[in-house]
Amino acid sequence: MALESRITQEEIKKEPEKPIDREKTCPLLLRVFTTNSGRHHRVDEFSRGNVPSSELQIYTWMDATLKELTGLVKEVYPEARKKGTHFSFAIVFPDPRGKMYKLKDIGSTVSGRKGPDDSMTLQSQRFQIGDYLDIAITPPNRAPPLSTRMRPF
């Protein structure tokens, strides 16, 4: 008689996030790069020790949500406070097989609206200390560019 496992791969991947006590845990320095063009920075802009000039430095914790990070960016950029402004988040990390960086889209938020990615945390997206966060900001009067996985064809 054969036994069959009823645990799916998604259940295995979903490790419960350990709550972080922000009173006892030291925050990390999150290096954030923003664009107002609605597109993320090119990966080659992070090569050879260079980084884009539009850097924000934020002290936060691994349980920071995308909505929380959106609020911090809006404090610095008043033009991003308009209702309907779209924020697209990506993690930029070194490619372990080379000297290049890779970019991984992790979610998006919209100013003034609730969305499915609002409660997503850095930890849940496997962010590691030393990675960068790239945020493409799109004003409310322009539609965000289609990502490669959202193509209409």
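Biologist: Let's start in the middle: which residues in the largest nonpolar core touch the most other members?

Modeller: Keep in mind that this is a predicted model. The core has 22 residues, and Leu 30, Leu 69, Phe 89, Leu 133 and Ile 135 touch the most other members. At least two core residues come from each of strand 1, strand 2, helix 2 (66-76), strand 3 (86-94) and strand 5. Leu 133 shows the pattern well: beyond four places in sequence, its contacts include Leu 30, Leu 69 and Phe 89, along with Val 32, Ile 91, Ile 106 and Leu 122. In soluble globular proteins, nonpolar side chains tend to be buried together.

Biologist: What makes Tyr 132 buried or exposed?

Modeller: The cut-off for buried is under 20% relative accessible area. Tyr 132 has 10%, so it is buried. Phe 46 is buried too.

Biologist: Why are the rings of Phe 46 and Tyr 132 called an aromatic pair, and of which kind?

Modeller: Two numbers decide that, the distance of the centres and the angle of the planes. The centres must lie within 6.5 Å, and planes under 30 degrees apart count as stacked. Phe 46 and Tyr 132 come out at 5.5 Å and 25°, which makes the pair stacked. Phe 46 belongs to the loop between strand 1 and strand 2, whereas Tyr 132 is in strand 5 (residues 132-138), so the pair ties together parts 86 residues apart in sequence.

Biologist: What kind of pair do Tyr 101 and Tyr 132 form?

Modeller: Their ring centres are 5.9 Å apart and their planes are at 25°, so that pair is stacked as well. Tyr 101 sits in strand 4 (residues 101-110) and Tyr 132 in strand 5, 31 residues apart, which links distant parts of the chain. By the same rule there are 5 aromatic pairs. Ring pairs join Phe 33, Phe 46, Tyr 101 and Tyr 132 into a cluster.

Biologist: Now to His 41. How do you know whether it is buried or exposed?

Modeller: Its relative accessibility is 10%, and buried means under 20%, so His 41 counts as buried. His 41 lies in the loop between strand 1 (28-35) and strand 2 (55-60). Leaving out residues up to four places away in sequence, its contacts include Phe 33, Thr 34, Phe 46, Leu 103 and Asp 134.

Biologist: What joins the side chains of His 41 and Asp 134?

Modeller: A polar contact of 2.5 Å joins them. The limit for such a contact is 3.5 Å between N or O atoms.

Biologist: How many bridges join strand 3 to strand 4?

Modeller: There are 9 bridges, and the two strands run antiparallel. At least two bridges are needed for strands to pair. His 86 stands opposite Val 110, and Ser 88 stands opposite Ser 108. Strand 3 and strand 4 form a hairpin, with 6 residues between them.

Biologist: Finally, is Lys 83 buried or exposed, and what makes it so?

Modeller: Lys 83 has 63% relative accessibility, and the cut-off for exposed is over 50%, so it counts as exposed. Lys 83 lies in the loop between helix 2 and strand 3. Leaving out residues up to four places away in sequence, it touches Ser 111, Gly 112 and Pro 140. Lys 83 and Ser 111 are 28 residues apart in sequence, with 5.1 Å from C-alpha to C-alpha.

How values were computed. Residues are numbered from 1 along each chain as its sequence is written. This is a predicted model: local features need pLDDT of at least 70, side-chain atom pairs count only at pLDDT 80 or more; totals for chains, interfaces and linings use all residues. Side-chain values use heavy atoms; hydrogens and water are left out. Helices (H or I, at least four residues) and strands (E, at least two) are DSSP runs, numbered from the N terminus. Buried means under 20% relative accessible area, exposed over 50%, partly exposed in between (1.4 Å probe, protein chains only). A polar contact is a pair of N or O atoms within 3.5 Å; within protein, one must be able to donate a hydrogen and the other to accept it, and residues adjacent in sequence count only if both atoms are side-chain atoms. Contact means heavy atoms within 4.5 Å. Rings of Phe, Tyr and Trp (its six-membered ring) pair if their centres lie within 6.5 Å; planes under 30 degrees apart count as stacked, over 60 as edge-to-face and the rest as tilted. A nonpolar core is a set of buried Ala, Val, Leu, Ile, Met, Phe, Trp, Tyr and Cys residues joined through side-chain atoms within 4.5 Å.
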